[in-house]
Amino acid sequence: MLKLKYIVLTMLFFIPLQLFAQNGSVARIEYINGISGEVLVTHTNGEIEDAFIGMEVPLESSIETKNATVELRLDPNGTILKLDSNTLFVLNSIQGRRGEEETSMTLLRGRLRTIAAKAGIFNKYTVRTPSAVCGIRGTEILNIVSPGENAIICKSGSVEVTNTVDTADTLLIGANQRVDTSSMVGFQALTLTPEQINQVFNSMPFENLSPMSVPGHAEEVALADPTGETTAQDETTQDEPTQDQEEPAVAAPAQDETAVQDDAEEDQNNSSRQPATVPTPTDSEEDSESDGPSALEDWFSNYMGFELGAVNIDGVTYSKVIAQPNFETDKLSLGLYLPIIYNGNMMDPNDWYKPEGNSEWSFGSDQDEVLDIISDFTSDLILKIKYLEYGDQLWDPFYIKAGNLDSMTLGHGSLIQNYSNYTNFPAERLVGVNLGLNVKNFRVETLVDDAKDPSLAGLRLQYGTEGLSAGIASVVDLYPGDDISVSIPGDPYLMGLSLDMEFLKINTDLFKLIAYADVSTVLPIFRENPENSYIKWNNAFEYIYNDSTLKNYGAKAGIIGEVALLDDNLDNRYENAI
């Protein structure tokens with residue numbers, strides 16, 4: 001009865017203390033692997049700012065990563081999150097803050113790794129994606145949202161997954177399981193091997209935060225460890241002999257040195273019968289070999305970008321084996337994309353997925369005519385190149401970017417800045433091109449989103465020296481509503497024009513600087529009569545100048561610089577829209 005009273009008093013003390021601590025909960029950015037401008041936080045009022053280490057993320061604000069990764073920690077409960085590159089994430093609520101009953105997050109695009117703290121009996125976590133709601137019961141999961149794949153992978157603990165596409169079916173998956181929620185055909189638990197789990201999670205490691213620092217995670221890992229190296233039963237086996245040895249040690253009679261030595265020798269001889277208590281050298285070697293991925297696995301994961309798993313395409317679940325090796329030198333970067341997506345026998349090419357009916361590994365062998373062979377060979381080869389980059393757009397006399405690109409910019413970025421054709425990769429594999437070339441005092445820059453079927457293209461011409469130069473640029477967007485799935489009255493295309501000046505350019509190895517000013521405008525050109533009285537389709541220039549007033553223009557002036565390995569961009573913008 002007395003013991004029960006102490007338990008009740010302890011709970012009455014700690015429950016308010018925990019709720020008080022949660023009331024001050026925050027989500028803090030602890031680590032960013034990327035350069036300035038690669039991680040953007042959009043606030044609820046529409047304001048956009050660069051993320052920084054130590055930043056407390058406001059609720060309902062979105063975090064968008066480009067070619068960078070981010071690690072966050074929820075304080076004080078200790079949950080840690082990692083956002084992969086090309087990810088769009090929203091932190092909706094934190095349990096205890098503003099009276100919220102759960103910590104809720106939304107993953108709109110990309111990959112999110114969560115290690116949820118289990119300390120406390122009130123912690124609740126929910127992750128929402130476009131096709132699922134995941135109730136995390138602890139502790140480690142990975143969410144993937146990409147074209148053709150909306151997966152939840154559980155490494156330890158369990159996750160309650162509700163499919164929000166057409167139905168509200170719920171499925172509970174446990175450790176070493178995954179489910180794809182992009183369609184009902186694929187909504188079933190699949191058990192992965194330890195090697196497959198390691199491949200998936202090793203492709204997205206925590207670089208700064210320690211998973212073992214998360215409350216309750218070490219115990220969950222011990223329960224889910226597939227090698228059996230550390231299980232709950234092993235821990236019990238280790239603890240019990242310790243207690244048994246402590247009790248007789250108090251009442252045991254004194255022993256002479258010879259007896260102690262004999263006992264030590266006997267314990268050593270018996271060690272092979274008690275491997276959980278005193279491991280033999282053979283056991284230690286086996287443990288070290290099974291602890292973490294091998295050197296070969298690490299090479300495949302980190303350098304070859306090797307990936308195993310499943311993907312749902314058009315309602316059919318396929319297995320996938322993908323290698324994405326990257327090669328880099330001082331100025332050259334090359335990334336390859338080598339997929340085998342199959343349903344059945346991986347060694348049988350007839351079972352491989354053929355996008356739009358094209359066997360992308362045939363390299364013309366399935367064609368008869370010479371021109372068809374050349375065309376198919378070229379097309380299949382280009383599909384294997386994820387990206388190719390050489391040089392720097394601002395500082396090198398020649399630069400080129402080609403393939404599926406995170407960022408393309410024309411000039412100083414007044415018309416096109418950090419445009420990406422990578423959003424729907426790999427469902428759409430495009431051949432974007434961003435090219436620049438100096439010929440004496442002339443410079444030419446060009447940009448196209450997809451050389452095979454362009455919808456966005458731009459051209460810039462510049463003349464002058466590093467002391468003073470002038471440039472003119474033009475951009476056309478043929479289908480401005482396609483990216484947001486909106487039908488625009490009159491079916492217009494957008495034409496952008498800009499004039500720019502560079503007043504100073506310093507380009508040395510240690511110090512680089514450009515001082516510039518741009519003025520630009522964008523006007524719609526309608527293909528047909530929109531039949532709306534407020535839209536004048538017959539004279540597009542009225543959007544620039546009407547009633548003796550300039551309209552729909554923007555001005556930008558700033559400084560772009562690099563000092564050693566640090567780079568920054570400081571600018572001021574003015575806009576006068578329609």
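Which element gives the largest share of the nonpolar patch? Strand β20 does, with three residues. The model is predicted, and local features need pLDDT of at least 70, side-chain atom pairs count only at pLDDT 80 or more, and totals for chains, interfaces and linings use all residues. Residues are numbered from 1 along each chain as its sequence is written, and side-chain values use heavy atoms, with hydrogens and water left out.

**View 1. The nonpolar patch on the surface.** L332, I385, L388, Y390, F398, L437, V439, F442 and Y463 form this patch, with about 780 Å² of accessible area together (Shrake-Rupley method, 1.4 Å probe). Two or more residues come from each of β20 (385-390) and β22 (432-439); strands are DSSP runs of E, at least two residues, numbered from the N terminus.

**View 2. F398 in strand β21 (residues 398-403).** F398 counts as partly exposed because its relative accessibility is 33% (buried is under 20%, exposed over 50%, partly exposed in between).

**View 3. The largest nonpolar core.** Such a core joins buried Ala, Val, Leu, Ile, Met, Phe, Trp, Tyr and Cys residues through side-chain atoms within 4.5 Å. Among its 43 residues, I29, I63, L72, F89, I152, V159 and V161 touch the most other members. Strand β10 (residues 132-146) supplies the largest share, five residues.

**View 4. T114 in strand β8 (residues 103-115).** T114 is buried because its relative accessibility is 0%. Beyond four places in sequence, T114 contacts (heavy atoms within 4.5 Å) T79, I80, L81, I136, T139, E140 and I141.

Technical notes
Helix = DSSP H or I, 4+ residues; strand = E, 2+ residues; numbered from the N terminus. Buried < 20%, exposed > 50% of the residue type's maximum accessible area, 1.4 Å probe, protein only. Patch = residues over 30% accessible without salt bridge, like charges linked within 9 Å, V, L, I, M, F, W, Y side chains within 5 Å. Salt bridge = Lys/Arg side-chain N within 4 Å of Asp/Glu carboxyl O.
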